[in-house]
Amino acid sequence: MPGAAFEIGTAHIVPGSRQTVNLPVSVLSDGTPVTLSVHVVHGRRPGPTLFVSAAVHGDEVIGVEIARRLLRSPRIDAIRGTLLVVPIVNTFGFLHHARYLPDRRDLNRSFPGSGGGSLAARLANLFMTELVERSDFGIDLHSAAVNRTNLPQVRISPSSDRTVALADAFGAPIVISAGLREGSLRQAAQACGVDILLYEAGEGLRFDELSARAGVAGILRVMHALEMISQKGVARARAEPMHASSTSWTRAPAGGLVRLFKGTGEYVSVDDLLGVISDPFGEEELEVRSATAGVVIGRTNLPVVNEGDALYHVAEIADPEPETTIGHLTRQLGADPMFDEDEII
Ligand SMILES: [Zn+2]
């Protein structure tokens, strides 16, 4: 039996239909209205409500591409429950290719916000009341900052076995359990009983195929685990993700030009040579060695570094499974039948 219409803003979305709804957020200085635009896919059959959000940080555009691919996937044509997709949460930052809001606030430190507060607080509040509080679960899509890249990874605060199981179902190569940051969407959502998977992949202001594909495939796997869609057309993850609960940064011991020898997804041992920093004349060279053992989950792509700049982010994993490397993920995605050739271009 079909369920009730989904009401959001002034829209009534009847079961078995989909619609983009524009929720008013603010008005710019020149009078241009700004909206939080949500695409609602309301299934004919009742089921859970899942939200997928991207560009909470306006320059993290890989999530916008993942949202676009998700919305044109035929796999969401006949879902059970309701899928809410917000490709761009921080429209202001997105327009300026910037992480922050115009008032220099970080939206992901401004939750849960308030209706009468700052621009950041109002946007956070609207997102909480219209999306988070009406959802059973959420997936928030992020990337590394500009000039940095992240290995596709899922971050959770393990509040329940179910959340850990859904993080595993996503099928990213690594799942990192981390504490909640004050003011983050994840913290505010968990406080009202909605757990979130935070997907981190790729570089700020860039698209890359691996991050996009791993993201779309992961969301569909989670939707399958939530029984919103069938297994049909959803590629199984072939390897269990690695788990880490602590990560560490390797920073530049000197300023200069750095040549880095390790990529994301590579395993490093204690004392491995990670890179060399030299002055512009090549007269002084300084080796950078690993202080920990683990998997590189993030690194800089900018060879010009100041002393103290973060070079590598390593998830501490003493004994990685050889079959769960990035190479395995690449092979898996290459063999993935769910994408048409024209989607790869
Ligand atoms: Zn982010």
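Ala188 is a residue of helix H5, which covers residues 185–191. The model described here is predicted. With a relative accessibility of 7%, Ala188 falls under the 20% limit and therefore counts as buried. Leaving aside residues up to four places away in sequence, Ala188 touches Phe111, Pro112 and Met128. The C-alpha atoms of Ala188 and Gly116 lie 18 Å apart, and the two residues are separated by 72 residues in sequence.

Two of the residues touched by Ala188, Phe111 and Pro112, are themselves joined by a cis peptide bond, with omega at about 0°. Pro112 belongs to the loop between helix H2 (91–95) and helix H3 (119–130).

## Helix H1 and its burial

How many of the 10 residues of H1 are buried? Nine of them are, so helix H1 is largely enclosed by the rest of the structure. The buried residues are Ile62, Gly63, Val64, Glu65, Ile66, Ala67, Arg69, Leu70 and Leu71.

## Packing of H1 against H6

Helix H1 (residues 62–71) packs with helix H6 (residues 209–225): their axes come within 9 Å and cross at roughly 50°. An angle of this kind lies between the limits of 35 and 65 degrees, and H1 and H6 are therefore oblique to each other. Their crossing is right-handed. On the H1 side, the contact is made by Ile62, Glu65, Ile66, Arg69 and Leu70. On the H6 side, it is made by Glu209, Ser211, Ala212, Arg213, Gly215, Val216, Ile219, Leu220 and Met223. Sorted by class, the contact of H1 with H6 has eight nonpolar, two polar and four charged residues.

An α-helix has 3.6 residues a turn, so residues three or four places apart point the same way.

## Packing of H4 against H6

Helix H6 also packs with helix H4 (residues 161–170), at an angle of about 135° and with the axes 7 Å apart. The crossing of H4 and H6 is right-handed.

Helix H4 contributes Leu166, Ala169 and Phe170 to this contact, while H6 contributes Ala214, Gly215, Gly218, Ile219, Arg221, Val222 and Ala225. By class, the contact of H4 with H6 has seven nonpolar, two polar and one charged residues. Gly215 and Ile219 of H6 take part in the contact with H1 and also in the contact with H4.

## The loops on either side of H6

The loop between strand E10 (195–203) and H6 contains Leu205. This residue has a positive phi of about 55° although it is not a glycine. Its relative accessibility is 29%, so Leu205 counts as partly exposed.

Phe207 is found in the loop between E10 and H6 as well. Is Phe207 buried or exposed? Its relative accessibility is 53%, which is over the 50% limit, so Phe207 counts as exposed. Phe207 touches Val61, Ile62 and Glu65, not counting residues up to four places away in sequence. Phe207 and Val61 are 146 residues apart in sequence, yet their C-alpha atoms are 7.2 Å apart in space. Ile62 and Glu65, which Phe207 touches, also belong to the contact of H1 with H6.

Glu227 lies in the loop between H6 and strand E11 (242–244). Its phi is near 65°, a positive value in a residue other than glycine. Glu227 is exposed, with a relative accessible area of 58%.

## Ser248 in strand E12

Strand E12 (residues 247–251) contains Ser248. At 18% relative accessibility, under the 20% limit, Ser248 counts as buried. Not counting residues up to four places away in sequence, Ser248 touches Thr292, Tyr312, His313, Val314 and Glu316.

With which residue does the side chain of Ser248 form a polar contact of 3.2 Å? The partner is Glu316, through its side chain. Ser248 and Ile139 are 109 residues apart along the chain, and their C-alpha atoms are separated by 24 Å.

Notes. Residues numbered from 1 in each chain as written. Predicted model: local features only at pLDDT ≥ 70, side-chain atom pairs only at ≥ 80, totals over all residues. Heavy atoms only, no water. Axes fitted to C-alpha atoms, helices over the stretch in contact; angles between N-to-C directions. Helix = DSSP H or I, 4+ residues; strand = E, 2+ residues; numbered from the N terminus. Parallel < 35°, antiparallel > 145°, perpendicular 65-115°, else oblique. Left-handed = near helix turned anticlockwise from the far one by under 90°. Contact = heavy atoms within 4.5 Å. Nonpolar A, V, L, I, M, F, W, Y, C, P; charged D, E, K, R; others polar. Buried < 20%, exposed > 50% of the residue type's maximum accessible area, 1.4 Å probe, protein only. Polar contact = N/O pair within 3.5 Å; in protein donor to acceptor, adjacent residues only side chain to side chain.
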